[in-house]
Amino acid sequence: MQGTQPAISMRDISKSFGRIQANSRVSLDINRGEILALLGENGSGKTTLMNMLSGIYFPDSGHIEIDGKPVTIGSPKDAFTYGIGMIHQHFKLVNVFTATENIVLGLKEPGGYDLAAATKRIEQICQTYGFDVDPNQKVYDMSVSQKQTVEIVKVLYRGAEILILDEPTAVLTPQETDKLFAVLRNMREDGKTVVIITHKLNEVKDISDRVVVLRKGEYVGELITAEASTEEMTNMMVGRQVTLNIDRPDPEMKYRMERIRVRNLTVKTRDGVTKLDDVSFSAYTGEILGIAGISGSGQKELLEAIAGLQPVENGSIEYQVDDDQVEQLIGMDPIKIAGMGVVLSFVPEDRLGMGLVGSMDLTDNMMLRSFRNGPTPFTDRKEPKHLAELVVDELKVETPGVDTEVRRLSGGNVQKVLVGREIAAAPTVLLSAYAVRGLDVNSSYMIYDLLNRQKGNGVAVIYVGEDLDVLLELCDRILVLCGGKVSGIVDGRTTTKNEVGLMMTRLGGGEAQ
Amino acid sequence: MIHVAKRKEMPLAQSLGIRVGVIALALVVCGVITAFVTGLNPIDVYGTMFQGSFGSPRKVWILLQEVALLLCVSLALTPAFRMKFWNLGGEGQVLAGGLASAACMILLGDSLPGAVLILVMLVASLAAGALWAAIPAFFKAVFNTNETLFTLMMNYVATQLVAYFVIVWENPKGSGTIGVINQSSEAGWLPVIGGNKYLLIVILVALLTAGMYVYLNYSKQGYELSVVGESPSTARYVGIKVDKVIVRTLIISGAVCGFAGMLLVGGSAHTLSTSIAAGRGFTAVMVAWLAKFNPAIMVGSSFLLEFMGYGAGEIATTYGLNASFGDILTGIILFFIIGTEFFITYRVVFQKKEEAASNV
């Protein structure tokens with residue numbers, strides 16, 4: 001089956017969004033009849049690269065060849081004429097339509113809306129590849145995995161020869177993943193080409209023939225899966241350790257005590273997908289505990305469970321007030337937690353969606369935590385205004401004034417406002433998720449500095465991060481999550497990027513047996 | 001190449017200036033259309049419109065009362081709207097309040113002293129309006145049902161309920177109406193103060209306007225509902241109980257609608273019919289939006305709509321024009337006002353092709 005000519009060649013592809021370089025001179029080949037895994041950390045530019053094949057984005061420079069002929073893919077329609085179909089992470093289905101209706105929707109071919117004929121063809125496709133989908137079922141009645149199946153069938157129905165799947169297993173249970181992989185193998189047998197975007201090494205090993213690794217928007221290398229070891233792939237994915245010179249003062253051992261004790265914590269989504277599985281750890285005063293892990297490994301749920309925002313299936317989260325008083329945080333909401341005298345500050349990942357109100361000014365945003373203060377039914381804006389001015393002053397927030405809407409500020413300044421407010425509460429526990437995401441270098445160092453000062457004040461800081469270099473230089477200890485489980489807890493001073501990288505991708509970090 | 005870009009914040013003076021200019025421009029356009037379509041002198045037509053509202057002290061007072069009643073319903077919807085809860089059930093909530101008032105007047109009119117009766121009416125109508133809004137709010141909070149449809153449907157239920165009771169309390173029998181309630185005893189009629197039967201309603205609504213302004217902008221509850229409206233997850237993050245705030249806000253919204261119902265039944269109409277709300281529940285939506293949910297500006301927007309309404313009626317009778325002509329003028333003016341908001345928020349950039357290329 002496999003010719004010498006690659007089905008698709010991408011050459012020197014670059015793409016940037018504003019100041020962010022998403023892809024820089026990436027070249028790769030996709031061969032007909034293979035399953036290619038595109039591996040890389042979050043933000044390594046995998047999805048952007050594939051979006052340029054599916055016509056969502058247009059490369060800034062570089063060119064694409066299909067079967068050796070240069071082509072221009074300017075729209076998803078162009079992509080389809082070349083037989084390329086992409087299944088995105090977020091499904092684009094009409095809920096009140098059946099599978100068949102969704103599949104034929106928008107087709108221009110004659111007889112495209114002959115539903116009976118379409119249903120027959122869909123059933124045929126399903127039989128060929130082993131899909132399990134009822135063409136007459138309404139989308140709102142479907143599970144996530146069924147919706148994904150509809151998306152895949154939709155692409156096949158349109159005659160795609162090359163399928164790109166963007167992290168298809170992120171929303172699936174292990175059983176559903178097995179089913180999907182079986183289908184993908186059937187497609188390969190049928191001569192289709194499959195590209196699967198992923199950051200899960202076990203899946204790469206499971207399904208792919210060849211693996212291409214991207215890091216920070218650049219092509220790092222490629223391996224034949226059968227000949228590659230997990231360690232090799234991890235190294236390519238996380239890269240060499242670089243030195244950032246982030247300050248890391250030693251924790252004050254004299255006053256060190258256990259502050260947060262999490263035991264056997266299990267969290268499930270409403271659909272029953274396990275997000276945290278039997279997680280146990282402790283956070284101590286005066287230290288920064290880093291949380292590492294591939295995104296979606298349960299970091300969000302862990303922080304929100306501690307903050308009282310996440311219903312918990314099982315387990316306990318204890319807050320140690322002093323040597324002989326311990327409070328249980330499970331079943332508490334943020335108000336009750338504050339009512340117990342626990343000052344728990346939380347810098348969430350979604351700054352404008354969760355931590356702040358974009359359409360309100362700085363003063364009103366400062367008030368979010370404190371507006372209940374005072375005996376009258378009226379709010380006092382004097383204190384918050386004062387605080388806003390203080391934060392603007394101390395953290396050098398660039399804003400026309402404290403009465404400017406927060407959403408008009410740049411990302412870094414928004415983050416400073418949020419961190420400033422959370423720190424102003426003089427917390428005993430500080431939770432932060434991706435605190436430096438999207439920030440420039442100076443703002444990032446300012447945030448590290450603020451976290452270190454909190455640590456110096458005896459605060460138990462929990463820092464969820466994605467950049468391993470930062471985690472290794474900033475944190476005293478690092479807890480590594482892998483698929484919702486604790487893969488291990490390591491000393492930030494002695495561990496290596498390699499070790500953490502392996503733990504992120506495989507429980508315990510060892511090589512596959 | 002035309003594209004639309006968001007403006008930086010515009011100074012208040014400038015945006016006010018633009019708005020005033022636009023209304024003037026709208027009047028000019030209306031004038032041209034009037035002259036063109038009817039052959040009448042637009043200045044005369046405007047004069048007549050003005051007469052319709054300000055022709056006599058009585059007309060002025062009627063206008064003020066109508067402005068007050070419309071404003072009252074608009075104020076009622078505002079807390080819900082600020083919370084992004086689209087309460088389109090003002091009509092039904094006003095009817096529920098009116099029905100409760102009428103029930104008190106008819107059933108208790110003979111047995112309670114005047115002041116006590118009015119107090120009972122007040123409580124009953126607030127409660128009825130609140131209940132009518134709390135039902136959809138509860139379903140929104142617990143089951144996330146669509147409030148727009150739900151509140152709209154509640155209007156029909158209220159209308160049918162009132163229709164039923166109109167037949168029950170029919171007076172005289174067979175007329176199909178209730179007639180003036182307690183005409184001889186005037187029990188449950190709101191008192192006339194200062195010798196002017198319109199004054200009380202105007203004063204009450206003025207107080208309500210100030211109260212609502214303070215509630216929304218300076219109270220803790222007002223702050224909470226704004227946070228819930230802008231971002232429910234931020235609200236949960238700071239420990240605001242979103243479902244509680246939704247129900248509480250709608251109880252207030254509905255209660256104020258119920259209050260408007262009482263003002264209508266006890267204060268101005270002294271009767272009950274299915275058309276007593278007269279579309280105010282819907283006009284109020286427009287009043288609130290035009291004022292961007294600011295109670296102070298709502299005084300102006302409700303005044304504008306009522307003024308245009310009376311003016312339209314006046315020119316229809318004076319010149320024998322179709323009443324719709326007045327509506328056309330109202331439509332043109334509203335079109336201009338709403339259009340301005342777009343140009344105040346955004347600017348339209350015309351770019352030549354080469355410029356566009358060099359800007360990338």
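Predicted model: local features only at pLDDT ≥ 70, side-chain atom pairs only at ≥ 80, totals over all residues.
1. Chain A holds an open sheet of 6 strands. Its order is 16-17-18-13-19-20, and the pairing is mixed. Strand 16 (344-347) and strand 20 (485-491) of chain A are the edges, each pairing on one side only. On average, neighbouring strands are turned by 15 degrees against each other, direction ignored.

2. Strand 16 of chain A runs parallel to strand 17 (residues 429-433) of chain A, and 4 bridges join them. Helix 14 (residues 411-424) of chain A lies across both strand 16 and strand 17 of chain A. The helix runs at about 175 degrees to strand 16 of chain A.

3. **Strand 13.** How many residues of strand 13 of chain A are buried? The count is 6 of 6 for this strand, residues 287-292. Both faces are covered. E287(A), L289(A) and I291(A) lie on one side, with I288(A), G290(A) and A292(A) on the other.

4. **Neighbours of strand 13.** Strand 18 (residues 460-464) of chain A is joined to strand 13 of chain A by 5 bridges and runs parallel. There, I288(A) has V461(A) as its bridge partner. Strand 19 (residues 477-482) of chain A is also parallel to strand 13 of chain A, with 4 bridges between them. L289(A) stands opposite R477(A) in strand 19 of chain A.

5. **Helix 17.** Helix 17 (residues 497-505) of chain A is mostly covered, with 7 of its 9 residues buried. Among the buried residues are K497(A), V500(A), L502(A) and M503(A). What do the buried residues of this helix pack against? Their contacts in chain A include strand 13, strand 19 and strand 20. Helix 7 (201-207), helix 8 (230-238) and helix 16 (468-474) of chain A are on that list too.

6. **A salt bridge across the sequence.** Side chains of opposite charge can pair when their charged atoms come close. The count over all chains is 37 salt bridges. One of them joins E167(A) and K46(A), at 3.9 Å from N to O. E167(A) sits in the loop between strand 7 (162-166) and helix 6 (174-189) of chain A, while K46(A) is in helix 1 (residues 46-53) of chain A, so the pair ties together parts 121 residues apart in sequence. E167(A) counts as buried at 14% relative accessibility. K46(A) is buried at 4%.

7. **Local salt bridges.** E151(A) and K154(A) pair with their closest N and O atoms 3.7 Å apart. They are about one helical turn apart because they lie 3 residues apart in helix 5 (residues 144-157) of chain A. E151(A) is buried at 7% relative accessible area, and K154(A) counts as buried at 16%. R421(A) and E422(A) form another salt bridge, at 3.0 Å between the closest N and O atoms. R421(A) is buried at 3% relative accessibility; E422(A) is buried at 1%.

8. **A salt-bridge network.** D250(A), K455(A), D476(A) and R493(A) are linked by salt bridges into a network.

9. **A nonpolar patch.** F378(A), V214(B) and Y218(B) make a nonpolar surface patch of about 260 Å². V214(B) belongs to helix 7 (residues 199-218) of chain B. Is V214(B) buried or partly exposed? V214(B) is partly exposed, at 32% relative accessible area.

Terms used
Residues numbered from 1 in each chain as written. Chains lettered and ligands numbered in written order. Heavy atoms only, no water. Patch = residues over 30% accessible without salt bridge, like charges linked within 9 Å, V, L, I, M, F, W, Y side chains within 5 Å. Areas by Shrake-Rupley, 256 points an atom, 1.4 Å probe, with all protein chains shown as cover. Salt bridge = Lys/Arg side-chain N within 4 Å of Asp/Glu carboxyl O. Helix = DSSP H or I, 4+ residues; strand = E, 2+ residues; numbered from the N terminus. Buried < 20%, exposed > 50% of the residue type's maximum accessible area, 1.4 Å probe, protein only. Pairing = 2+ DSSP bridges. Axes fitted to C-alpha atoms, helices over the stretch in contact; angles between N-to-C directions. Contact = heavy atoms within 4.5 Å.
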